Amino acid sequence: MDNIWESRDKTIRKEILKKGICLNKPTERCECQIVIQDINVTGMNITDLKNQLHTEILDDIEKTITIGDANSEIDRKIERGIQYMMVAEESLFTICISDFSKKGKIIVTFIVMLKYFKPFKAIWNWTPEEKYEIALKYKEVGVKLFQESRHIDAFYKFSKACKILITLEPILDLELDKSLENNINALRITLYNNLAGCHILNQNYEYVIQLCNIILDKDKNNIKALYRRGVAYGKLRNFENAVSDFEKLITLKPLNIAAQQQFVIYNRKLQEANEKCKDMVKRMFRT
(Lines give C-alpha, C1' and ligand atoms only; values in the text may rest on other atoms or scores of the structure.)
Protein backbone atom coordinates (compact mmCIF):
# COMPACT_ATOMS: atom_id res chain seq x y z
CA MET A 1 0.00 0.00 0.00
CA ASP A 2 1.17 3.53 -0.78
CA ASN A 3 0.64 4.75 2.77
CA ILE A 4 2.88 2.07 4.32
CA TRP A 5 6.67 1.95 4.23
CA GLU A 6 8.64 -0.92 5.74
CA SER A 7 12.38 -1.45 6.01
CA ARG A 8 13.86 -4.43 4.21
CA ASP A 9 14.65 -6.19 7.51
CA LYS A 10 11.03 -5.64 8.69
CA THR A 11 12.18 -3.89 11.91
CA ILE A 12 10.74 -0.48 10.96
CA ARG A 13 7.18 0.10 9.77
CA LYS A 14 5.65 3.49 9.03
CA GLU A 15 1.95 3.86 8.30
CA ILE A 16 0.77 7.29 7.16
CA LEU A 17 -2.20 8.55 9.18
CA LYS A 18 -2.21 12.01 7.68
CA LYS A 19 -0.44 12.85 4.43
CA GLY A 20 2.05 15.69 4.33
CA ILE A 21 3.15 18.27 1.79
CA CYS A 22 4.97 16.85 -1.22
CA LEU A 23 8.38 18.45 -0.71
CA ASN A 24 11.90 17.12 -0.21
CA LYS A 25 12.43 14.64 2.61
CA PRO A 26 14.98 15.05 5.43
CA THR A 27 18.54 13.89 4.76
CA GLU A 28 21.76 13.67 6.81
CA ARG A 29 22.31 16.70 9.10
CA CYS A 30 18.81 18.11 8.57
CA GLU A 31 17.26 19.59 11.72
CA CYS A 32 13.76 18.17 12.15
CA GLN A 33 11.00 19.51 14.39
CA ILE A 34 8.90 16.51 15.44
CA VAL A 35 6.06 15.70 17.80
CA ILE A 36 5.87 12.20 19.32
CA GLN A 37 2.84 10.87 21.16
CA ASP A 38 0.98 7.69 22.18
CA ILE A 39 4.09 5.63 22.99
CA ASN A 40 3.36 1.95 23.72
CA VAL A 41 5.89 -0.77 24.49
CA THR A 42 5.55 -4.56 24.43
CA GLY A 43 8.25 -6.71 26.05
CA MET A 44 9.61 -3.93 28.27
CA ASN A 45 8.41 -1.43 30.82
CA ILE A 46 7.97 1.96 29.14
CA THR A 47 10.09 3.58 31.84
CA ASP A 48 13.08 1.45 30.76
CA LEU A 49 13.21 2.93 27.24
CA LYS A 50 15.90 5.38 28.28
CA ASN A 51 17.83 3.12 30.67
CA GLN A 52 17.96 -0.01 28.53
CA LEU A 53 17.34 1.16 24.96
CA HIS A 54 19.19 4.47 25.51
CA THR A 55 16.64 6.45 23.51
CA GLU A 56 17.13 10.19 23.39
CA ILE A 57 14.21 10.75 21.01
CA LEU A 58 11.20 8.94 22.49
CA ASP A 59 9.31 11.39 24.69
CA ASP A 60 5.73 12.60 24.54
CA ILE A 61 6.94 16.07 23.66
CA GLU A 62 7.80 18.28 20.73
CA LYS A 63 11.52 18.35 20.02
CA THR A 64 14.21 19.09 17.47
CA ILE A 65 16.51 16.30 16.29
CA THR A 66 19.32 16.31 13.75
CA ILE A 67 19.45 13.39 11.34
CA GLY A 68 22.70 11.53 11.98
CA ASP A 69 22.91 12.23 15.72
CA ALA A 70 21.12 9.04 16.83
CA ASN A 71 23.26 7.09 19.31
CA SER A 72 21.18 3.97 19.90
CA GLU A 73 19.57 1.24 17.83
CA ILE A 74 16.01 2.44 18.38
CA ASP A 75 16.89 6.07 17.64
CA ARG A 76 18.71 5.06 14.45
CA LYS A 77 15.55 3.27 13.34
CA ILE A 78 13.40 6.29 14.20
CA GLU A 79 15.72 8.56 12.20
CA ARG A 80 15.53 6.21 9.24
CA GLY A 81 11.74 6.28 9.28
CA ILE A 82 11.67 10.08 9.55
CA GLN A 83 13.81 10.29 6.41
CA TYR A 84 10.81 8.87 4.54
CA MET A 85 8.41 11.52 5.85
CA MET A 86 6.99 14.67 4.29
CA VAL A 87 6.47 17.97 6.11
CA ALA A 88 3.16 17.96 8.07
CA GLU A 89 2.91 14.17 7.73
CA GLU A 90 1.63 12.19 10.69
CA SER A 91 2.52 8.50 10.84
CA LEU A 92 2.27 5.48 13.10
CA PHE A 93 5.71 3.95 13.68
CA THR A 94 6.28 0.35 14.74
CA ILE A 95 9.86 -0.45 15.78
CA CYS A 96 11.06 -3.98 16.51
CA ILE A 97 14.17 -4.51 18.65
CA SER A 98 15.72 -7.92 19.43
CA ASP A 99 16.05 -8.57 23.15
CA PHE A 100 18.99 -10.99 23.26
CA SER A 101 18.88 -11.30 27.07
CA LYS A 102 15.39 -12.80 26.89
CA LYS A 103 15.59 -14.20 23.36
CA GLY A 104 12.50 -12.23 22.45
CA LYS A 105 11.35 -9.03 20.78
CA ILE A 106 10.61 -5.54 22.05
CA ILE A 107 7.90 -3.79 20.03
CA VAL A 108 7.53 -0.02 20.32
CA THR A 109 4.69 1.87 18.64
CA PHE A 110 4.14 5.63 18.61
CA ILE A 111 2.82 8.44 16.42
CA VAL A 112 5.23 10.93 14.83
CA MET A 113 4.35 14.23 13.22
CA LEU A 114 7.06 16.01 11.21
CA LYS A 115 6.26 19.71 11.66
CA TYR A 116 9.11 20.97 9.49
CA PHE A 117 12.79 20.48 8.85
CA LYS A 118 15.71 22.76 8.12
CA PRO A 119 17.35 21.49 4.91
CA PHE A 120 21.03 20.63 4.77
CA LYS A 121 22.82 20.21 1.47
CA ALA A 122 23.33 16.70 0.08
CA ILE A 123 26.55 15.00 1.12
CA TRP A 124 28.04 15.24 -2.38
CA ASN A 125 27.88 19.03 -1.98
CA TRP A 126 29.65 19.08 1.40
CA THR A 127 33.08 20.70 1.33
CA PRO A 128 36.09 18.60 2.43
CA GLU A 129 36.27 20.79 5.56
CA GLU A 130 32.62 20.03 6.38
CA LYS A 131 33.13 16.31 5.81
CA TYR A 132 36.15 16.30 8.10
CA GLU A 133 34.41 18.27 10.87
CA ILE A 134 31.27 16.10 10.78
CA ALA A 135 33.30 12.87 10.69
CA LEU A 136 35.39 14.15 13.61
CA LYS A 137 32.23 14.89 15.59
CA TYR A 138 30.89 11.38 14.95
CA LYS A 139 34.24 9.92 16.01
CA GLU A 140 34.23 11.85 19.28
CA VAL A 141 30.68 10.71 20.07
CA GLY A 142 31.73 7.13 19.23
CA VAL A 143 34.64 7.31 21.68
CA LYS A 144 32.27 8.48 24.43
CA LEU A 145 29.88 5.60 23.67
CA PHE A 146 32.78 3.12 23.68
CA GLN A 147 33.89 4.40 27.09
CA GLU A 148 30.35 3.79 28.32
CA SER A 149 30.65 0.15 27.11
CA ARG A 150 28.09 0.78 24.36
CA HIS A 151 30.36 -0.88 21.83
CA ILE A 152 27.77 -1.59 19.13
CA ASP A 153 26.52 2.00 19.20
CA ALA A 154 30.14 3.19 19.06
CA PHE A 155 30.77 0.93 16.06
CA TYR A 156 27.87 2.52 14.14
CA LYS A 157 29.22 6.00 14.89
CA PHE A 158 32.76 5.13 13.76
CA SER A 159 31.34 3.47 10.62
CA LYS A 160 29.27 6.55 9.77
CA ALA A 161 32.38 8.75 10.10
CA CYS A 162 34.36 6.38 7.86
CA LYS A 163 31.69 6.45 5.16
CA ILE A 164 31.89 10.24 5.06
CA LEU A 165 35.67 10.20 4.64
CA ILE A 166 35.47 7.55 1.91
CA THR A 167 33.68 10.12 -0.24
CA LEU A 168 36.93 12.13 -0.26
CA GLU A 169 38.86 9.39 -2.08
CA PRO A 170 41.20 9.70 -3.88
CA ILE A 171 42.29 12.48 -1.57
CA LEU A 172 45.33 13.46 -3.63
CA ASP A 173 43.06 14.52 -6.49
CA LEU A 174 41.40 17.15 -4.27
CA GLU A 175 44.60 19.20 -3.87
CA LEU A 176 43.70 20.11 -0.30
CA ASP A 177 45.56 22.29 2.14
CA LYS A 178 48.31 20.03 3.53
CA SER A 179 47.14 20.49 7.11
CA LEU A 180 43.58 19.42 6.25
CA GLU A 181 44.85 16.46 4.21
CA ASN A 182 46.99 15.31 7.14
CA ASN A 183 44.07 15.68 9.56
CA ILE A 184 41.79 13.64 7.30
CA ASN A 185 44.39 10.86 6.92
CA ALA A 186 45.03 10.81 10.67
CA LEU A 187 41.30 10.64 11.43
CA ARG A 188 40.86 7.78 8.98
CA ILE A 189 43.61 5.79 10.74
CA THR A 190 42.03 6.48 14.12
CA LEU A 191 38.62 5.34 12.89
CA TYR A 192 39.99 2.09 11.46
CA ASN A 193 41.73 1.44 14.78
CA ASN A 194 38.54 2.16 16.71
CA LEU A 195 36.54 -0.14 14.44
CA ALA A 196 39.14 -2.86 14.98
CA GLY A 197 38.74 -2.37 18.74
CA CYS A 198 34.98 -2.86 18.43
CA HIS A 199 35.44 -5.98 16.30
CA ILE A 200 37.82 -7.51 18.86
CA LEU A 201 35.16 -7.19 21.55
CA ASN A 202 32.68 -8.93 19.24
CA GLN A 203 35.24 -11.62 18.33
CA ASN A 204 35.22 -10.70 14.64
CA TYR A 205 38.93 -11.41 14.34
CA GLU A 206 39.10 -11.63 10.53
CA TYR A 207 37.75 -8.07 10.29
CA VAL A 208 40.28 -6.93 12.89
CA ILE A 209 43.11 -8.26 10.72
CA GLN A 210 41.70 -6.65 7.57
CA LEU A 211 41.41 -3.24 9.23
CA CYS A 212 44.83 -3.44 10.86
CA ASN A 213 46.39 -4.44 7.54
CA ILE A 214 45.02 -1.24 6.01
CA ILE A 215 46.44 0.80 8.88
CA LEU A 216 49.84 -0.89 8.81
CA ASP A 217 50.11 -0.44 5.05
CA LYS A 218 50.01 3.30 5.72
CA ASP A 219 51.76 3.34 9.10
CA LYS A 220 53.89 0.22 9.58
CA ASN A 221 54.74 1.08 13.20
CA ASN A 222 51.21 1.80 14.43
CA ILE A 223 51.23 0.43 17.97
CA LYS A 224 47.48 -0.11 18.40
CA ALA A 225 47.14 -1.85 15.05
CA LEU A 226 50.09 -4.16 15.75
CA TYR A 227 48.67 -5.07 19.14
CA ARG A 228 45.13 -5.67 17.89
CA ARG A 229 46.26 -7.65 14.87
CA GLY A 230 48.50 -9.74 17.12
CA VAL A 231 45.58 -10.51 19.41
CA ALA A 232 43.38 -11.40 16.43
CA TYR A 233 46.03 -13.70 14.95
CA GLY A 234 46.41 -15.38 18.34
CA LYS A 235 42.67 -15.93 18.75
CA LEU A 236 42.63 -17.52 15.28
CA ARG A 237 45.52 -19.78 16.37
CA ASN A 238 47.92 -18.21 13.89
CA PHE A 239 50.60 -18.17 16.57
CA GLU A 240 53.50 -17.45 14.22
CA ASN A 241 51.99 -14.18 12.98
CA ALA A 242 50.85 -13.25 16.50
CA VAL A 243 54.38 -13.68 17.85
CA SER A 244 55.78 -11.69 14.93
CA ASP A 245 53.46 -8.74 15.65
CA PHE A 246 54.16 -8.71 19.40
CA GLU A 247 57.88 -9.11 18.80
CA LYS A 248 57.88 -6.03 16.57
CA LEU A 249 55.71 -4.13 19.02
CA ILE A 250 58.11 -4.86 21.89
CA THR A 251 61.01 -3.67 19.74
CA LEU A 252 59.17 -0.39 19.20
CA LYS A 253 57.88 -0.12 22.79
CA PRO A 254 60.09 -2.21 25.12
CA LEU A 255 58.10 -1.15 28.21
CA ASN A 256 54.71 -2.18 26.85
CA ILE A 257 53.68 -4.69 29.53
CA ALA A 258 50.54 -5.86 27.72
CA ALA A 259 52.54 -6.67 24.58
CA GLN A 260 55.14 -8.54 26.62
CA GLN A 261 52.45 -10.64 28.27
CA GLN A 262 50.84 -11.47 24.94
CA PHE A 263 54.21 -12.34 23.44
CA VAL A 264 54.93 -14.81 26.26
CA ILE A 265 51.50 -16.44 25.88
CA TYR A 266 51.63 -16.90 22.12
CA ASN A 267 55.33 -17.71 21.93
CA ARG A 268 54.68 -20.60 24.33
CA LYS A 269 51.71 -21.74 22.24
CA LEU A 270 53.85 -21.52 19.10
CA GLN A 271 56.57 -23.67 20.67
CA GLU A 272 53.99 -26.21 21.81
CA ALA A 273 52.47 -26.34 18.32
CA ASN A 274 55.92 -26.82 16.77
CA GLU A 275 56.70 -29.65 19.18
CA LYS A 276 53.40 -31.38 18.36
CA CYS A 277 54.20 -31.04 14.66
CA LYS A 278 57.64 -32.57 15.16
CA ASP A 279 56.19 -35.48 17.14
CA MET A 280 53.62 -36.09 14.43
CA VAL A 281 56.31 -36.17 11.72
CA LYS A 282 58.40 -38.61 13.80
CA ARG A 283 55.43 -40.97 14.22
CA MET A 284 54.72 -40.85 10.49
CA PHE A 285 58.24 -42.01 9.59
CA ARG A 286 58.74 -44.64 12.27
CA THR A 287 59.53 -48.02 10.98
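I looked up Ser 7 first: at 1% relative accessibility, Ser 7 counts as buried. Buried means under 20% relative accessible area, exposed over 50%, and partly exposed in between, with a 1.4 Å probe and protein chains only. The model is predicted, so I note its limits: local features need pLDDT of at least 70, side-chain atom pairs count only at pLDDT 80 or more, and totals for chains, interfaces and linings use all residues. Residues are numbered from 1 along each chain as its sequence is written, and side-chain values use heavy atoms, without hydrogens and water.

**Ser 7, continued**

I found Ser 7 in the loop between S1 and S2. Helices (H or I, at least four residues) and strands (E, at least two) are DSSP runs, numbered from the N terminus. Which side chain makes a polar contact of 2.6 Å with that of Ser 7? It is the side chain of Asp 9. A polar contact is a pair of N or O atoms within 3.5 Å; within protein, one must be able to donate a hydrogen and the other to accept it, and residues adjacent in sequence count only if both atoms are side-chain atoms. Leaving aside neighbours within four places in sequence, I list Ile 12 and Arg 80 as contacts of Ser 7. Contact means heavy atoms within 4.5 Å.

**Largest pocket**

I read about 1,200 Å³ of space in the largest pocket. Its lining has 45 residues, and Ser 72, Glu 73, Arg 76, Asp 153 and Tyr 156 are the closest to its centre. A pocket is an open set of points on a 1 Å grid over the protein atoms alone, where a 1.4 Å probe fits, with protein on both sides within 12 Å along at least five of seven lines; lining residues have an atom within 4 Å of a point. Grid points are joined across faces, edges and corners, and a volume is the space filled by probe spheres set on the points. Which element gives the largest share of this lining? H4 does, with 9 residues.

**Helix H4**

I counted 16 residues in H4, reaching 22 Å from first C-alpha to last, close to the 22 Å expected. The expected span is 1.5 Å times one less than the number of residues. Among the buried residues of H4 are Asp 153, Phe 158 and Leu 165. The buried residues of H4 pack against H2, H3 (128-147) and H5 (178-201).

**Second largest pocket**

I read about 200 Å³ here. Of its 13 lining residues, Ile 16, Lys 25, Tyr 84, Met 86 and Glu 89 lie nearest its centre.
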